[in-house]
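Start with a single residue, then step back to the whole fold. Keep the model open while reading.

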Amino acid sequence: MNTTKSEKLFEEAKEYIPGGVNSPVRAFRSVGGTPLFIKKGYGSKIEDVDGNEYVEYIGSWGPHLFGHNPDFIKDALIKSIEMGTSFGAPTELEVKMAKLISELVPSVQMVRMVNSGTEATMSAIRAARGYTKKEKFIKFEGCYHGHADYFLIKAGSGALTLGVPTSPGVTKGNAADTLLGDFNHIESIKKLVQSNKGEIAAVIIEPVAGNMGVIEMKKEFLKELKQICQEEKIVLIFDEVMTGFRVTSGGAQKLLGVEPDLTTFGKIIGAGLPVGAFGGKKEIMEMVAPSGPIYQAGTLSGNPLAMSAGYAALTYIKEHPEVYAILEEKSKYLEMGMKENLKKLGKNYALNRVASMMAMFFTERPVTDYEGAVSSNTELYGKYFHEMLKRGIYLAPAQFEAMFVSTAHTKDDLEKTVKAHYESIKAII
Ligand SMILES: *Cc1c(COP(=O)(O)O)cnc(C)c1O
């Protein structure tokens with residue numbers, strides 16, 4: 001059999017990069033086979049180094065709301081690069097960016113730019129701890145908040161896929177400060193609050209869980225969660241690294257109608273460049289250095305290239321509110337097509353969708369919580385993934401990831417996807 005260019009590159013990569021990749025989920029560990037090395041992306045498609053083209057639904061794991069390399073972002077980047085790449089001093093664009101974020105997400109009265117989602121969430125936890133003078137916090141099983149030590153306790157996404165509930169290298173001390181809640185089950189929170197009275201600084205949650213597949217938060221659960229946080233003086237943090245500017249122009253908080261105390265962003269806010277941000281109530285954010293004593297810093301934070309791409313994306317979102325109706329229409333088409341397929345095939349697999357985030361779970365029980373998500377047959381997902389790939393559709397190489405639809409997906413792409421979905425499921429059951 002001929003070796004592909006991707007296979008050769010992967011062999012070489014494994015010599016010099018742990019596992020051959022710079023982020024674990026890219027390695028195809030849970031679906032088997034060799035990861036594709038990508039040469040370029042355009043619109044809804046990517047091309048690998050062997051010249052194969054795929055319609056894809058990863059969008060760099062969320063950032064590409066408008067597909068790959070749209071002209072208006074490329075133009076903004078080219079203009080910016082002519083002016084220099086980094087100054088380590090304030091720029092006008094940072095002010096414009098902060099104002100625009102605050103306008104689109106009103107609960108964010110002040111914001112600090114960072115360089116990744118991980119930085120955003122760890123800084124938000126520090127701010128909450130510094131503000132409340134308390135140390136413990138609650139996260140939910142199956143939710144992912146980046147790779148800071150104290151988040152790697154039953155985390156979602158790659159950690160869930162690799163079956164590493166708690167990573168080696170995380171100290172007992174760190175683990176002891178992280179309390180685990182059960183997503184969509186308020187009793188679990190009541191218990192934790194009761195047994196850790198006066199010690200909990202924050203609750204951090206993905207307002208639409210997107211790192212254990214896609215799971216919507218129950219309205220009643222959220223209402224009670226918010227109330228408990230208020231009563232107990234716990235800072236409520238929405239991790240909107242994935243959902244921010246994805247599910248609506250104002251994130252999941254606009255969709256759910258609940259304002260958190262702090263919000264974290266990433267992904268779309270950088271339009272494909274390494275960016276994150278955390279922000280929220282002025283009272284809390286003013287305690288961040290240099291206006292307050294809670295230290296937080298970054299050599300490249302607010303980087304002009306990253307800001308120009310992100311600002312172009314958010315400006316487009318502001319000026320084109322129809323973006324979300326277009327995404328809804330495309331995503332609904334896909335959902336309906338896939339549901340129809342499942343019906344024809346006599347399979348009752350759970351298919352969850354919130355706006356342009358979707359996940360099909362290989363389990364026939366409804367998936368509304370962590371337990372439901374992990375009841376999926378991940379081996380079957382691996383087979384499905386490869387059948388889809390054969391048919392030119394590139395999905396996330398793991399069951400517990402979301403499928404993202406972009407404005408660049410055409411009717412043709414969607415039809416092709418629905419057809420491939422039918423054939424793929426048929427081939428593996
Ligand atoms: C992706 C993600 C993160 C981590 O962001 P990085 O930029 O990968 O560090 C944190 N929280 C959520 C909800 C995410 O989806």
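S249 counts as buried, because its relative accessibility is 15% and the cut-off for buried is under 20%. This is a predicted model, so the values here are computed from its atoms.

Where does S249 sit? Its place is the loop between β10 (235-239) and α9 (251-256). The side chain of S249 makes a polar contact of 3.0 Å with the side chain of K254.

Now the whole chain. The protein holds 15 helices and 16 strands. Its C-alpha trace spans about 60 × 55 × 45 Å along the principal axes. How does the radius of gyration fit a compact globule? For 429 residues, such a globule would have a value near 22 Å. The protein has 21 Å, which agrees.

Of the 429 residues, 56% count as buried. Contacts reach across the sequence as well. Take those between residues at least 6 apart: 72% of them join residues at least 24 apart.

The surface comes next. The protein exposes about 18,800 Å². Carbon and sulfur atoms supply 52% of that area.

Last, charge. How many positive and negative side chains are there? The protein has 50 positive and 51 negative ones. The centres of the two sets lie 2 Å apart.

Key. Residues are numbered from 1 along each chain as its sequence is written. This is a predicted model: local features need pLDDT of at least 70, side-chain atom pairs count only at pLDDT 80 or more; totals for chains, interfaces and linings use all residues. Side-chain values use heavy atoms; hydrogens and water are left out. Helices (H or I, at least four residues) and strands (E, at least two) are DSSP runs, numbered from the N terminus. The radius of gyration is taken over C-alpha atoms; the globule rule is 2.2 Å times the number of residues to the power 0.38. Buried means under 20% relative accessible area, exposed over 50%, partly exposed in between (1.4 Å probe, protein chains only). Contact means heavy atoms within 4.5 Å. Accessible areas come from the Shrake-Rupley method with a 1.4 Å probe; for residues, only the protein chains shown count as cover. Lys and Arg count as positive and Asp and Glu as negative; His and the chain ends are not counted. The place of a charge is taken as NZ of Lys, CZ of Arg, CG of Asp or CD of Glu. A polar contact is a pair of N or O atoms within 3.5 Å; within protein, one must be able to donate a hydrogen and the other to accept it, and residues adjacent in sequence count only if both atoms are side-chain atoms.
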